[in-house]
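Me: Hey, can you walk me through this structure? I'd like to go piece by piece.

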Amino acid sequence: MTSLHGTSRPALRIAAELNGYGHHPALSIDRRAGRPESRWVDLRRADDDGGLPHDHATIVRIQAADMAQAHRERATLRSEIQAKGGHPDDIAVLVDIAVLIAPEARTARKELMTLDSTLPGPRPSESLEYIGTPIGLASLIADLYVVGVVDGVTLLPMSEPAVLDHVVNESLPWLTLRGVYPPPRGAALARTHLR
């Protein structure tokens, strides 16, 4: 992919960590027997193992409290690779984003409030969060990538499968239409891991 400045840049990567119920603590308290372990799935071109595709880049997954921290961590990791004689593009830095989306932002916020109300205390936040609409999520991902904050994201759907369906059917096509993301091909595999 060519950046706004005309230089080549590795393609945006979008993955999801799927566990069959969701990443909100209220849903993970009562894990049902027989549910699969968490799977990290590339939503564009998943390989036979359901992981990110095999290529020259090493995937580095980070957690960050905000975009500034994510940007600093990416810069540090790229500098460390360069100091060791490698190329900065030898790594792709993906930031975790906990996601709860619905057709209307207020619906997503209401669902989050309902889930949060079942917890004994405040919900811990380990990384970035997005609560809103599928297009709002797509816009955030595009911003993170285009300005070079990170090379991609790992989405942590707070509830499944509805959130993943919105991502696959609305967020990814929006990104593709704007030329930020190649057409998704891993959606069918992602859905299989929910069953």
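Me: Is Asp-96 buried or exposed?
Reply: Asp-96 is buried, because its relative accessibility is 3%. Buried means under 20% relative accessible area, exposed over 50%, and partly exposed in between, using a 1.4 Å probe and protein chains only. By the way, this is a predicted model, where local features need pLDDT of at least 70, side-chain atom pairs count only at pLDDT 80 or more, and totals for chains, interfaces and linings use all residues. Residues are numbered from 1 along each chain as its sequence is written, and side-chain values use heavy atoms, leaving out hydrogens and water.

Me: Which side chain meets Asp-96 in a salt bridge?
Reply: That's Arg-61, at 2.6 Å from N to O. A salt bridge is a side-chain nitrogen of Lys or Arg within 4 Å of a carboxyl oxygen of Asp or Glu.

Me: What else is linked with Arg-61 and Asp-96?
Reply: Glu-17 is linked with them in a network of salt bridges.

Me: And how many salt bridges are there in the whole structure?
Reply: A search finds seven. One of them joins Asp-116 and Arg-123, with the closest N and O atoms 2.7 Å apart.

Me: New topic: helix H3. Which residues there are buried?
Reply: Ala-108, Leu-112 and Leu-115 are buried in H3. They sit on the same side of the helix because they cover an arc of only 65 degrees around the axis; that arc is taken from the directions from the helix axis to the C-beta atoms.

Me: What's on the other side of H3?
Reply: Arg-106, Lys-110 and Met-113, which are exposed.

Me: OK, now the core. Which residues touch the most other members?
Reply: Ile-14, Val-95, Ile-97, Leu-155 and Leu-175 do, in the largest nonpolar core, which has 41 residues. A nonpolar core is a set of buried Ala, Val, Leu, Ile, Met, Phe, Trp, Tyr and Cys residues joined through side-chain atoms within 4.5 Å.

Me: Where does the largest share of this core come from?
Reply: From S4, which gives eight residues.

Conventions
Helices (H or I, at least four residues) and strands (E, at least two) are DSSP runs, numbered from the N terminus.
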